[in-house]
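Let's take a walk through this model together, with an eye on its rings, charges and helices. Keep the viewer open as you read.

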Amino acid sequence: SHTCACMAGMRQRVQPLAALCLLFVGLQFVFLAGVLAAEAIPDRRVADELATAVADGRLNEVPASQRGAGNGLDDFTDCVVLTMGLGDPTDSHLAETAITSPTLWRCELAVPALEQYRASGGLDAENEYFWYWHGYTPLTRPLLAFVGLDAVPVVFFALLLGATAALAGVLARGLGWGGPVLLLAPLVLTSDLHELPLKLPAALSMAVALAGGAAAWLAIDRWRSELVLAGVGIAAGGLYVYVDLLTNPPLAWLATIGLAMVAAYRVGWDRSRTAMVGGIAAASWLVGYGASWVVKWFLAALVIGFSEALDAVRDQIGFRLDGEHAEVDESIGSAMDANFDTWFAEPLFGRAGLVLLAAALGVACVAAYRRSGTSALKWLGLLALPSFIPLIWLEVLSNHSQIHQHFTYRALPFASGYLLLVVYAVIRIEAQQSTHGGQSVQRSEAGRSVSP
């Protein structure tokens, strides 16, 4: 009987882990199938559309992301994304091309190559960008081949708008409309969010980040399940690295962790369980993100050789952490300074905006303390912890954060919005608790719902 009980307990612990492992493995097969399906689309259809766009001026050596009034992306990202999969060697097969990820590279190289293709029909890749999944190609290549270049930003904008609406909707049901307004207002008003459809594939990455936050909220608020949250974290992290080019992982990570913790507070879980929720969200997202990336490196190594793949990956990691570059200051804090300066340059923000934001947070914290005492401050301290993720990330990847400050800074307004959400949630929920005869509602492991 004792042995049977031990076996049953072991099964209860192993089965959730097995389910999460199956989820991760299944995602990798889906990811691989997606890039294979994208590569199966004839290159000629994609190249013909891009060459036509070059001829009529819709695509030129000035990337679309730099034609607007806001901050540009990179001087090559638009064309890297649009030409992904083109220029593969004539003797390569579909799987090899999908995994090695040939591209015509930045616009100043891609545009002349497409002009030459229009004249002669030949097309050679400038680079193999194999250390990313390039999971945007299941969208970009069919759109380019069968609809046209102009459809790409439209579809990306629709996905971003849908993810934003979904996140706002689930938060509003739990906290009222004040919650999503405060969370998203700094990102919408003090960043270049409105320009992201012109900055490929940043719009898709942002959509996945916001959708991951919405799913993490639902895992706790609706399903009240840490196991579901772990699955959401693995899927959110994996899907983010699948579509992203290292634009804003700390924003996506913060969205998953922070919104899961606020949801745990809302449903009435105590501080220790809420902290555990944060740990589960953090670990599962990081596993999904990091392990999915390693899978792509492993697949690339199978094709180009382990020695070459490992050398390239090692060089990239070392460079992004602390590599030398003309635009990089190696002193501590330089990455944060560069990103705050970029944020301050936005029309509706500036240093005065940061002062006003800090003052508003301070006044709100005082109000929470006056209403609910030290309990409110303890909750504020716990729930605010995820907001430090972008600051730590920017410093750890100092090289990347300074070279690409024009998009890495977006994590800062989102973190500010998250802090506003935390203060709003604590004030709102503590006030609702105090209406019960002047006594705080006892928080339990089972949790309780708070009416919006």
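A charge sits over a ring if NZ of Lys or CZ of Arg is within 6 Å of the ring centre and within 35 degrees of the ring normal. In this predicted model, the charged end of Arg222 meets that description over the ring of Trp223, at 5.9 Å from its centre. Another case is Arg273, whose charged end sits over the ring of Trp269, 3.7 Å from the centre.

Now turn to rings facing rings. A pair of aromatic rings is described by the distance of the centres and the angle of the planes. Searching the whole structure gives 19 aromatic pairs. Take Tyr240 and Tyr289: their ring centres are 6.5 Å apart and their planes stand at 35°, so this pair is tilted. Tyr240 belongs to helix α10 (residues 226-243) and Tyr289 to helix α12 (residues 271-304), so the pair ties together parts 49 residues apart in sequence. Both Tyr240 and Tyr289 are buried.

Trp293 and Trp297 give another tilted pair, with centres 5.6 Å apart and planes at 40°. Both lie in helix α12, four residues apart, or about one turn of the helix. Trp293 is buried, at a relative accessible area of 13%, whereas Trp297 is partly exposed, at 21%.

Finally, look at two helices. The axes of α14 (residues 334-344) and α17 (residues 389-396) come within 7 Å and cross at roughly 120°, in a right-handed crossing. Among the residues making the contact are Met336 and Phe340 of α14 and Leu391 and Leu394 of α17. By class, this contact has five nonpolar, two polar and one charged residues.

Conventions:
Residues numbered from 1 in each chain as written. Predicted model: local features only at pLDDT ≥ 70, side-chain atom pairs only at ≥ 80, totals over all residues. Heavy atoms only, no water. Axes fitted to C-alpha atoms, helices over the stretch in contact; angles between N-to-C directions. Left-handed = near helix turned anticlockwise from the far one by under 90°. Contact = heavy atoms within 4.5 Å. Nonpolar A, V, L, I, M, F, W, Y, C, P; charged D, E, K, R; others polar. Phe/Tyr/Trp six-rings, centres within 6.5 Å; stacked < 30°, edge-to-face > 60°. Buried < 20%, exposed > 50% of the residue type's maximum accessible area, 1.4 Å probe, protein only.
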